[in-house]
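Visitor: I would like to learn how to read a model like this one. Could you take me through it feature by feature?

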Amino acid sequence: MVGEGALRQPVGGREVMRAQLAHLVEVSRLPNVKLQVVPFLAGSHPGMTSAFSVVSFAEPGAMDVVYMDTTSSTLWLESEADAARHNTKFERIARNGLALHDSVELIERIRKEL
C-alpha cells in the first residue's frame, strides 16, 4: 500500500524516481506481491496519521504484532486488540485504494510524466 504522494514526489531526482517506479511495477508482477495505490482522490483515510505494519507469523497460534516506526523510536504493539484494530484499519485503507491493475497503470503513468 502506497500513497500517490509518495509516487509523485521526486526524491533523489527524476532518474532515480523513474528507476524506483519501474522497480515497483516489476515487483508488482511477483505472485506474492499486491501493490495498491491510495490515490489523492480517496481523500482522508486512516493511514494518513501514521505508517504501520502488521506482522503475521506462520506458526499455528502465533499472534500478529504491529510495528510502527516514528521519528524518535520504534514501537511494537503486541496485544491481540492492537493487532485486530490495525488489521481493520488496513482493510479500510485498502478499500480506498485502486484495484491492483489500476495501481500499476497509475505508477506507469507517473513514471512517464517524470
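Visitor: Is His45 buried or exposed?

Guide: Some ground rules come before that. This is a predicted model, where local features need pLDDT of at least 70, side-chain atom pairs count only at pLDDT 80 or more, and totals for chains, interfaces and linings use all residues. Residues are numbered from 1 along each chain as its sequence is written, and side-chain values use heavy atoms, with hydrogens and water left out. Buried means under 20% relative accessible area, exposed over 50%, and partly exposed in between (1.4 Å probe, protein chains only). His45 has a relative accessible area of 17%, so it is buried.

Visitor: Where does His45 lie, and which residues is His45 in contact with beyond its neighbours within four places in sequence?

Guide: Helices (H or I, at least four residues) and strands (E, at least two) are DSSP runs, numbered from the N terminus. His45 belongs to the loop that runs between strand 2 and strand 3. Contact means heavy atoms within 4.5 Å; with those neighbours left aside, His45 is in contact with Val38, Ile93 and Asn96.

Visitor: Which residues of helix 3 are buried?

Guide: They are Asp82, Ala83, His86, Lys89 and Ile93. These residues lie on the same side of helix 3, because they cover an arc of only 125° around the axis; the arc is that of the directions from the helix axis to the C-beta atoms. They pack against strand 2 (37-38), strand 3 (53-55), strand 4 (65-69) and strand 5 (74-77). On the face turned away from that buried side, helix 3 carries the exposed residues Glu80 and Arg95.

Visitor: How many residues does the largest nonpolar core have?

Guide: A nonpolar core is a set of buried Ala, Val, Leu, Ile, Met, Phe, Trp, Tyr and Cys residues joined through side-chain atoms within 4.5 Å. The largest here has 12 residues, including Val2, Met17, Val37 and Leu114. Helix 2 (14-28) and helix 4 (100-113) each supply at least two of its residues, and helix 4 gives the most, with 4 residues. A second, separate core has 7 residues, among them Val38, Phe52, Val66 and Ile93.

Visitor: What does Leu114 touch, not counting residues up to four places away in sequence?

Guide: On that count, Leu114 touches Arg14, Met17, Arg18 and Leu21.
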